[in-house]
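This report describes a ligand site and the helices around it. The account begins with contacts to the ligand and then turns to helix packing.

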Amino acid sequence: MTTSNGSLEGKVALVTGGSRGIGAATALRLAREGADVALTYVNGKEAAADVVRAVEALGRRALALRADSADAEEAAGAVDRTARELGGLDVLVNNVGVGVLGPLDGLSLADVDRVMAVNVRGVFLASRAAAARMAAGGRIITIGSCMTQLVPGPGGTLYAMSKSALVGLTKALARELGPRGITANIVHPGPIDTDMNPADGPSAAGQAGMTALGRYGTAEEVAEMVAYVAGAAYVTGAELSVDGGFAA
Ligand code: NDP
């Protein structure tokens, strides 16, 4: 992992879905850069507590919030609680996402509503709440997907639709918040080894084979890009891929 340059010293960050996977790696990476970090989770209370302890061990303040992104009040409420308890909000990382894959006729209305509530509505509401709290220098960073750029086979309709909505949201946020000195960017991971997409899963060899580098990425490799964007003043409205060349 790249060494910290302390670029986020004195900043407060909220990472949604920060108890595992890309979110946990991001929470730790932002803390290494100097930020105090809040994170949300739903089921993983113990895992969230572990991340809190790891952030505190780096000398930063940390806060675990049980907040379901599928719930409109909780999605926005996590932003407000972070600002209240950590004294402001400088960086929002919209990391939470659920992957429901499968053929069109196998997707229920409940699947459609859940994926759109978590992956899209929750991100919109958290971003709006964050924009209301942020001063100049604020950063909204959303985790998209390489499937906004290349859908490698059948079964991705719902997931690709939800993640593609975030590209439009990001560009529109960049335009709306730019005059206030707030940036909005989207990071597109490729196949990343997490509980959602384990590198030893049934489709893993195929996914790795789709990348130019021929391998899965790590959560830390995505976190590195998020940390870069969190410290970058003149990057906004951008789509940044960390996908090993999946979409090349
Ligand atoms: P994981 O499933 O490994 O982790 C998900 C995290 O989000 C956990 O901390 C989980 O908490 C939390 N979470 C899940 N649902 C909710 C919810 N409704 N409200 C609040 N928190 C929730 O996911 P990844 O780390 O793999 O993925 C992170 C992001 O990256 C997602 O947006 C995903 O779509 C995207 N992505 C991932 C790729 C991959 O290959 N892994 C590829 C492209 C994009 P808890 O423990 O409480 O359940």
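## Contacts with the ligand

A polar side-chain atom of Tyr159 lies 2.6 Å from an oxygen atom of the ligand. A polar contact is a pair of N or O atoms within 3.5 Å. Taken alone, the ligand exposes 900 Å², of which the protein buries 93%; accessible areas come from the Shrake-Rupley method with a 1.4 Å probe.

This is a predicted model, in which local features need pLDDT of at least 70 and side-chain atom pairs count only at pLDDT 80 or more, while totals for chains, interfaces and linings use all residues. Residues are numbered from 1 along each chain as its sequence is written, and side-chain values use heavy atoms, with hydrogens and water left out.

## The surrounding shell

The ligand is surrounded by 31 residues, the closest being Ser19, Val42, Asn43, Tyr159 and Thr194; a residue is near a molecule if one of its heavy atoms lies within 4 Å of it. By class, the shell holds 12 nonpolar, 14 polar and five charged residues, with Gly counted among the polar ones and Tyr among the nonpolar.

The elements giving two or more residues to this shell are α1 (21-32), α4 (109-133) and α5 (157-177). Helices are DSSP runs (H or I, at least four residues), numbered from the N terminus.

## Packing of the helices

The axes of α4 and α5 come within 10 Å and cross at roughly 15 degrees. These two helices are therefore roughly parallel to each other, a term for angles under 35 degrees. Axes are lines fitted to C-alpha atoms over the stretch in contact, and angles run from 0 to 180 degrees between N-to-C directions.

Helix α1 packs against α2 (residues 45-57) at an angle of about 15 degrees, with their axes 9 Å apart; α1 and α2 are therefore roughly parallel to each other. The axes of α1 and α7 (residues 219-231) come within 8 Å and cross at roughly 50 degrees.

Terms used. A polar contact is a pair of N or O atoms within 3.5 Å; within protein, one must be able to donate a hydrogen and the other to accept it, and residues adjacent in sequence count only if both atoms are side-chain atoms. Angles under 35 degrees count as roughly parallel, over 145 as roughly antiparallel, 65 to 115 as roughly perpendicular and the rest as oblique.
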